[in-house]
Amino acid sequence: MIRVGTGYDSHRFAEGRPLILGGITIPHDRGLTGHSDADAVAHALTDAILGAAAAGDIGRLFPDTDPAHKDADSMRLLEEAHRVVQATGWTLFQCDITVIAQAPKLAPHVPDMTARLAEVLQVQQGQVSVKAKTNEGMGFIGRGEGIAVLAAATLVPLPPRSTPSSSLA
Ligand code: MG
């Protein structure tokens, strides 16, 4: 048995903010605006795993009206969302993420993002796919106003916990 979820996120660029994607700070003249650190990769993936578990969404779990989430490290929110998912009896099997940005070039940072996501989700790097593309100059992404991220995730059942009675059997 598996479950599948999808996630989407977009954020606007602004000056004076760091650009953080997949937990990695990427050199650029602008960063993304948001209540948290605006890590759109973490946000889209969080929604994908929550969606697969039918466990709500990132806004319901971590409301942006809550001062506790101001400038929050979104990789911590992703980790916490994965724990929520695991409490429902499921765990991440693999995920596939597409980051759409006109600039900067993200391909050189994909290995670092992949490694960081795998670390936080406690899976192998081969279970995490991150892809980067431009929007061919079209629309808000093409004009460099912001970026968008798509994510898909599959969950598999957690192995049943061994209990004292089953370990005696
Ligand atoms: Mg977001």
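Helix 3 passes helix 4 in a right-handed crossing. In this predicted model, the axes of the two helices come within 9 Å and cross at roughly 40°. Angles under 35 degrees would count as roughly parallel and 65 to 115 as roughly perpendicular, so helix 3 and helix 4 are oblique to each other. On the helix 3 side the contact is made by Met75, Arg76, Leu78, Glu79 and His82, and on the helix 4 side by Arg116, Leu117, Val120 and Leu121. Sorted by class, this contact has five nonpolar, one polar and three charged residues.

Helix 3 also packs against helix 1. Here the angle is about 5°, with the axes 9 Å apart, which makes helix 1 roughly parallel to helix 3. From helix 1, the residues Ala42, His43, Leu45, Thr46, Ile49 and Leu50 take part; they meet Ser74, Met75, Leu78, Ala81, His82, Val84 and Val85 of helix 3. The contact of helix 1 with helix 3 has nine nonpolar and four polar residues, and no charged ones. Met75, Leu78 and His82 of helix 3 are listed in the contact with helix 4 and also in the contact with helix 1.

| Helix pair | Angle between axes | Axis distance |
|---|---|---|
| Helix 3 and helix 4 | roughly 40° | within 9 Å |
| Helix 1 and helix 3 | about 5° | 9 Å |

The magnesium ion is coordinated by Asp9 through OD, His11 through NE2 and His43 through ND1, at 2.2 Å. The spacing of these donor residues in sequence is D-x1-H-x31-H. Asp9 has a relative accessible area of 15%, and His11 likewise has 15%. Buried means under 20% relative accessible area, so Asp9 is buried, and so is His11.

Most residues other than glycine have a negative phi, and most peptide bonds are trans. Ala38 is not a glycine, yet has a positive phi of about 65°. Ala38 lies in the loop between strand 4 (30-32) and helix 1 (40-52). With a relative accessible area of 0%, Ala38 is buried. Asp71 also has a positive phi, near 55°, in a residue other than glycine. The loop that holds Asp71 runs between helix 2 (58-61) and helix 3 (74-87). Asp71 is partly exposed, at a relative accessible area of 46%. Pro104 belongs to the loop between strand 5 (90-100) and helix 4 (110-121).

Leu21 is found in strand 2, residues 19-21. At 1% relative accessibility, Leu21 counts as buried. Which residues is Leu21 in contact with, leaving aside its neighbours within four places in sequence? They are Ile26, Leu32, Asp39, Ala40, Val41, Val99, Leu106, Met113 and Ile147. Lys70 is 49 residues from Leu21 along the chain, and the C-alpha atoms of the two are separated by 17 Å.

Notes
Residues are numbered from 1 along each chain as its sequence is written. This is a predicted model: local features need pLDDT of at least 70, side-chain atom pairs count only at pLDDT 80 or more; totals for chains, interfaces and linings use all residues. Side-chain values use heavy atoms; hydrogens and water are left out. Helices (H or I, at least four residues) and strands (E, at least two) are DSSP runs, numbered from the N terminus. Buried means under 20% relative accessible area, exposed over 50%, partly exposed in between (1.4 Å probe, protein chains only). Donors are N, O and S atoms within 2.8 Å of the metal (3.2 Å for Na, K and Ca); water is not among the atoms, so sites may look incomplete. Axes are lines fitted to C-alpha atoms, for helices over the stretch in contact, and angles run from 0 to 180 degrees between N-to-C directions. Angles under 35 degrees count as roughly parallel, over 145 as roughly antiparallel, 65 to 115 as roughly perpendicular and the rest as oblique. A crossing is left-handed if the near helix is turned anticlockwise from the far one by less than a right angle, and right-handed if clockwise. Contact means heavy atoms within 4.5 Å. Ala, Val, Leu, Ile, Met, Phe, Trp, Tyr, Cys and Pro count as nonpolar, Asp, Glu, Lys and Arg as charged, and the others, Gly among them, as polar.
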